[in-house]
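Subject: Structure handover

Hello,

Here is the structure I promised you. Please open it alongside this note.

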Amino acid sequence: MTVAAPLQSIIIVATGEAERDRIDDIHALARRHASETHLLSEQALADWLGRADAVEIEPAVLVFAPSLERPAGLARTARQRWSRCELLFVREPSTLADFRRQLGMAPMLGIHWAVVPDDDTLEDVLALASQTARRRARLRTTLDTANLSLPARPDSQTQKRQAMADHYLASFIDFAQEAMVGLDAGQQVMFWSAGAEELFGLPSAAAVGQDVRDLHFWNPDLDEALRALSAGKRSVLVESTWLQDAQPIALEILCSAVRDETQALIGVSLTIRDVSAIATQRSAHQAELQAERQYLYQLFQQAPGFVAVTQGPRHLVELANRAFYQLVGHRDVIGRPAGEAFPEMESQPVRDLLDRVYATRRPFVGRGVAVHAPRARQAARQLRYVDFVFQPVLSEHGLITGIFCQGHDVTAQRLAQEQLQRSEEHLQALVDQRTCELERSQQALHQSQKLEAIGKLTGGVAHDFNNVLQIIGANLQLVRAAVSQDERLGGRIDLASAAVERGAKLSSQLLAFARRQPLSPAPTNLARLLRDMDGLLRRALGEYVEIETVVAGGLWTTLVDPNQLENVVLNLAINARDAMRGGGRLTLELSNAMLDDEYAQAAGDVTPGQYVLLAVSDTGIGMSAEVAERVFEPFFTTKPEGEGTGLGLSMAYGFAKQSGGHIRLYSEVGHGTTVKVYLPRTLQAERAPAPLPSGPITGGNETVLVVEDDLAVQATVVDQLSSLGYGVLRANDAQSALSILQSGLAIDLLFTDVVMPGPLRSPELARQAQQLLPNIVVLFTSGYTQNAIVHGGRLDPGVELISKPYRLEQLARKLRHLLASRPQRQQPSISSGVFEAVASTATSPQVLVVEDEPAILEMTCEMLDVLGHQATGAADAETALQLLGRQRFEILLTDVTLPGQSGLELAAQARDMQPGLKVVYVSGYGATVGEPGTPTLAKPFSMQQLEELLGHLLA
């Protein structure tokens with residue numbers, strides 16, 4: 001490196017490649033005002049200052065570029081070797097104030113330094129600094145040269161040279177910008193420069209010779225500086241304040257020692273500089289810094305997280321904010337070791353953790369660490385959770401001085417997370433529980449749907465079964481007419497006919513499972529019902545079965561058909577008896593029950609609400625879960641073959657559902673079975689049934705109108721009523737009965753079948769009868785009511801019904817009960833009389849029979865031939881339409897269910913082809929499947945039914 005002449009060069013200090021373009025510009029400006037310039041890095045400057053001849057190569061100006069991060073420390077190092085060069089800190093204009101605050105009040109940089117903006121004025125500042133440094137160098141060089149050029153002379157000449165040197169020195173001092181004051185060894189003023197006269201307003205003549213302590217600007221700090229110079233120090237910088245006209249003036253006084261050849265102190269030179277403007281600036285800066293410190297302190301105290309700073313290897317707490325005090329529960333932490341002041345950690349001692357951070361100089365981050373706080377005396381310790389970081393604090397030289405501790409109390413978040421986790425676990429448990437309940441609900445729904453499907457299937461089974469019975473029964477009637485003389489063969493045919501009747505009853509039971517049986521519900525007290533059944537149950541179960549009845553207090557009233565419920569209880573008791581082989585205990589329990597939404601959802605086939613529970617329990621052999629799932633299916637039985645029909649529980653199931661209730665069966669092999677029947681509660685008062693007449697049966701002299709389309713049944717009923725003393729009128733259909741009612745005859749009771757041929761239905765007949773005769777009593781009878789007087793599985797309000805088959809005793813008691821409960825009539829009743837509607841029939845009418853069952857088709861055609869009609873058969877609607885196109889018929893007798901086109905569609909097209917054609921529907925589903933006004937013949941039908949229907953149509 002080329003070394004410049006002292007105080008002639010400019011050195012620019014920059015770092016790396018940062019701001020390379022701007023550094024090149026500054027370098028170019030420096031070359032304009034210096035004979036030599038150097039661009040050095042921080043390390044290069046440090047190496048230069050370490051050289052032995054560094055003092056001799058002192059530059060004029062030392063420029064610190066804006067890219068330097070810590071220029072102050074580097075400048076102080078340079079000032080220790082170079083005391084006269086100008087130090088320029090070049091900074092961005094926006095960062096000047098911050099940089100001055102960083103330097104502080106006394107940056108220890110001497111008197112030749114400045115902070116300058118990096119803008120267009122930089123070149124002028126460089127020029128002025130360079131000129132000032134060179135001028136100071138020229139003055140020093142001239143003085144030294146002048147002193148060396150004086151020749152050695154005698155003492156008088158020496159004195160002359162000394163006087164000349166004094167003149168030179170005085171001239172230099174007077175031209176100096178600062179105030180220059182020279183003191184001798186006795187601290188008296190030897191010279192007083194023009195700058196001193198201007199600064200202090202004191203002439204040189206008045207100041208020279210005075211003791212310096214008598215001057216106004218002197219203070220004890222200067223005495224301390226003189227003692228330091230006497231002790232061997234080269235120079236001392238003192239900052240002082242001098243009052244001039246009551247206005248303070250800030251002075252910066254550089255005290256320099258003057259020594260002779262032996263280094264003995266012979267005087268002191270004072271270089272005094274008025275720095276009032278700088279002091280004012282420093283004072284404002286200090287106030288601003290103080291305000292900023294106060295603001296930062298407030299921010300520190302108000303920080304949402306806790307903050308603490310420890311110092312040294314003992315980790316003494318130096319600073320702590322308000323949040324930290326709240327965490328530990330007290331304020332006695334400053335100056336105490338962190339191991340005592342910090343909360344105690346569960347995982348490890350806090351002192352060990354701080355030692356590790358201090359030794360490794362690596363931060364530590366803790367998440368959700370459990371600590372115990374507060375640590376104050378007499379305070380209960382609480383478990384808290386904190387997130388924190390321990391960050392080592394490094395000095396300017398990279399040495400660790402302490403640890404910065406910052407964090408947050410996350411107890412609330414941690415507890416919320418734990419609560420959330422517990423909620424999730426609880427929710428998962430609920431989901432699992434609901435899943436199990438849903439599976440049970442699905443199983444129950446599947447079972448319910450299965451039973452519903454079986455219930456629908458029973459209609460089809462009954463239909464097909466009735467077709468078979470129709471074939472057997474009709475042929476038996478034809479054969480019976482042919483063998484009427486053979487009593488032995490006739491008896492066998494009668495037995496077969498009785499079997500047909502039993503089959504019809506079995507079909508009726510299937511329809512009961514399908515919830516087609518008529519119910520007459522009434523507010524009933526089940527405790528009274530069971531009490532009345534006690535004798536019947538004991539006779540049915542025998543002496544080896546013990547019966548126990550348990551009735552809960554405050555039992556509710558239920559809405560149920562008591563007669564049908566008695567049948568259910570009897571069936572359940574008989575099933576229990578059969579399960580308790582050799583005897584056992586039958587328990588009947590009655591209690592109130594509430595089925596909630598959860599149970600209803602799990603069961604899938606029940607409505608939530610209040611119910612009366614009837615539980616029938618036995619101590620029998622029980623049944624497996626597989627068997628229990630099927631017990632409500634029709635024809636399913638666990639009894640040996642031939643000992644049961646399998647319809648008992650299925651009828652109980654249908655009754656419970658039709659009553660708006662619920663039924664469940666619980667069983668375990670070897671521990672018995674419990675059947676629970678839930679019947680809906682009613683708020684109506686109990687209505688005890690009127691007691692039927694007891695003792696011998698009695699009749700009466702009232703008039704009864706019998707309406708029955710089955711002539712055999714009609715004749716039987718007429719005979720029964722006549723034997724009881726009643727006056728009897730009879731009609732074959734509703735229209736004929738209405739004519740009798742309109743005739744004005746006094747009639748006390750209308751006894752009519754529900755399903756009647758003709759356009760007038762039985763319910764309408766009853767309504768018109770009550771309008772004509774307000775006091776008339778109506779009693780219906782039927783083997784299968786369908787929907788004529790039954791809606792929602794229950795008899796319509798006010799409807800009285802006696803179901804077929806019935807015994808004479810039942811009929812007699814029913815009639816007396818109804819007649820006795822009505823108001824007495826004033827009109828006289830007739831004791832006898834018969835009215836018969838005679839149907840006129842045409843000779844050999846043409847009948848088209850449409851039936852897909854060949855046996856039924858052949859049998860029906862044969863019956864029609866026997867009755868004197870001409871019958872033509874067709875197996876489907878398409879064949880029938882072809883026949884209708886070629887031949888005229890008076891009657892169309894068609895099955896409703898046909899392959900392809902249905903009987904209903906066939907009838908509509910047949911009427912269009914042959915207006916006036918009379919249509920009769922035939923069906924195994926009952927007598928109300930066709931459109932209103934069209935007669936329907938229900939399978940199985942007899943020859944008499946067929947004859948009467950056709951006679952009515954042809955009348």
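Does Cys-405 count as buried or exposed? Cys-405 counts as buried, because its relative accessibility is 1%, under the 20% cut-off. Cys-255 is also buried, at 0% relative accessibility. Across the whole structure, a search for disulfides finds zero. Please keep in mind that this is a predicted model.

**Overall**

The protein chain has 955 residues, and 43% of them count as buried. It holds 28 helices and 35 strands. Take the contacts between residues at least 6 apart in sequence: 66% of these join residues at least 24 apart.

**The parallel sheet**

Five strands make an open sheet with parallel pairing. The order is S2-S1-S3-S4-S5. Strand S2 (36–40) and strand S5 (113–117) are at the edges. Each has a single partner strand, so one side of each has no neighbour in the sheet. On average, neighbouring strands here are turned by 20° against each other, direction ignored.

Strand S1 (residues 9–13) runs parallel to S2, and five bridges join them. In that pair, Ile-10 stands opposite Thr-37 of S2. Helix H1 packs on this sheet. H1 touches S1, S2, strand S3 (61–64) and strand S4 (86–91). The direction of H1 makes about 160° with that of S2. Helix H4 (residues 96–103) lies across S4 and S5. H4 runs at about 160° to S5.

**A closer look at H1**

H1 covers residues 20–31, twelve in number. At 1.5 Å a residue, H1 should span 16 Å. Its end C-alpha atoms are 17 Å apart, which agrees.

Which residues of H1 are buried? They are Ile-23, Ile-26, His-27, Leu-29 and Ala-30. These residues cover an arc of only 160° around the axis, so they sit on the same side of H1.

**The antiparallel sheet**

A sheet of six strands is also open, with antiparallel pairing. Its order is S12-S11-S16-S15-S14-S13. The edge strands are S12 (316–320) and S13 (344–345), and each pairs on one side only.

How many bridges pair S13 with strand S14 (residues 364–373)? There are two, in the antiparallel sense. Met-345 has Val-371 in S14 as its bridge partner. Helix H13 (residues 350–360) packs on this sheet. H13 touches S13, S14, strand S15 (382–394) and strand S16 (400–409). Its direction makes about 130° with that of S16.

**Asp-709**

Where is Asp-709 found? Asp-709 is in the loop between strand S24 (703–707) and helix H21 (711–723). Its relative accessible area is 16%, under the 20% cut-off, so Asp-709 counts as buried. Leaving out residues up to four places away in sequence, Asp-709 touches Asn-732, Asp-753, Val-755, Met-756, Pro-757 and Glu-948.

Best wishes

Key: Residues numbered from 1 in each chain as written. Predicted model: local features only at pLDDT ≥ 70, side-chain atom pairs only at ≥ 80, totals over all residues. Heavy atoms only, no water. Helix = DSSP H or I, 4+ residues; strand = E, 2+ residues; numbered from the N terminus. Expected span 1.5 Å × (residues − 1). Buried < 20%, exposed > 50% of the residue type's maximum accessible area, 1.4 Å probe, protein only. Arc of directions from axis to C-beta. Pairing = 2+ DSSP bridges. Contact = heavy atoms within 4.5 Å. Axes fitted to C-alpha atoms, helices over the stretch in contact; angles between N-to-C directions. Disulfide = S-S within 2.5 Å.
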